[in-house]
Amino acid sequence: VESLTTQPAKLLRKKIGTLAIGEDADITLIAPDESWTFSSESNQSKSHNSPFMSKKFKGKIVSTIVQGKVMYQNA
């Protein structure tokens, strides 16, 4: 998890991706027990081919907050 979350910022020597007083709130809220199915409707990519089409997953993104602003809110 660290390799995909805080480590990139450390490698670039940027103070981003932390939860600290005075820093931007860059977080993703998840519902770890919620199941969902990947489909063309749920696909946010410009690519339409994926080996994950029609696959079921557990854990769903609820909201993404970047620099204290909600950038994505799951309907």
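## Aromatic cluster, sheet and salt bridges

W36, F38, F52 and F57 are linked into a cluster by ring pairs. Rings of Phe, Tyr and Trp (its six-membered ring) pair if their centres lie within 6.5 Å; planes under 30 degrees apart count as stacked, over 60 as edge-to-face and the rest as tilted. This is a predicted model, in which local features need pLDDT of at least 70 and side-chain atom pairs count only at pLDDT 80 or more, while totals for chains, interfaces and linings use all residues. Residues are numbered from 1 along each chain as its sequence is written, and side-chain values use heavy atoms, with hydrogens and water left out.

**Aromatic pairs.** A pair of aromatic rings is described by the distance of the centres and the angle of the planes. Three aromatic pairs turn up in a search of the whole structure. One of them joins W36 and F38 edge-to-face, at 6.3 Å centre to centre and 65 degrees between the planes. Accessibility has three classes: buried means under 20% relative accessible area, exposed over 50%, and partly exposed in between (1.4 Å probe, protein chains only). W36 is partly exposed at 25%. F38 is buried at 13%.

**The sheet.** Strands of a sheet pair through backbone hydrogen bonds, either parallel or antiparallel. Here three strands form an open sheet in the order β1-β2-β3, with antiparallel pairing. β1 (27–37) and β3 stand at the edges with a single partner strand each, so one side of each has no neighbour in the sheet. Neighbouring strands are turned by 25 degrees against each other on average, direction ignored. Those axes are lines fitted to C-alpha atoms, for helices over the stretch in contact, and angles run from 0 to 180 degrees between N-to-C directions. Strands (E, at least two residues) and helices (H or I, at least four) are DSSP runs, numbered from the N terminus. Two strands pair if DSSP finds at least two bridges between them. β1 and β2 (residues 56–66) run antiparallel and are joined by eight bridges. Across this pairing, I30 stands opposite I61 in β2.

K69 belongs to strand β3 (residues 69–73). K69 is exposed, at 57% relative accessibility. Its C-alpha atom is separated by 27 Å from that of S47, 22 residues apart along the chain.

**The β1–β2 loop.** N43 sits in the loop between β1 and β2. What is its accessibility class, buried or exposed? N43 counts as buried, at 15%. A polar atom of the N43 side chain lies 2.9 Å from the backbone nitrogen of S45. Beyond its neighbours within four places in sequence, N43 is in contact (heavy atoms within 4.5 Å) with F38, H48 and M53.

**Salt bridges.** Side chains of opposite charge can pair when their charged atoms come close. The rule is a side-chain nitrogen of Lys or Arg within 4 Å of a carboxyl oxygen of Asp or Glu. The count comes to three.

| Salt bridge | Closest N and O atoms |
|---|---|
| E2 and K10 | 3.5 Å |
| E34 and K60 | 3.7 Å |
| K58 and D33 | 4.0 Å |

K58 in strand β2 and D33 in strand β1 are 25 residues apart, so this pair links distant parts of the chain. K58 is exposed at 61%. D33 is exposed, also at 61%. E34 lies in strand β1 and K60 in strand β2, so their pair ties together parts 26 residues apart in sequence. E34 is partly exposed at 37%, and K60 is partly exposed at 23%. E2 is partly exposed, at 45%.

Note on methods. A polar contact is a pair of N or O atoms within 3.5 Å; within protein, one must be able to donate a hydrogen and the other to accept it, and residues adjacent in sequence count only if both atoms are side-chain atoms.
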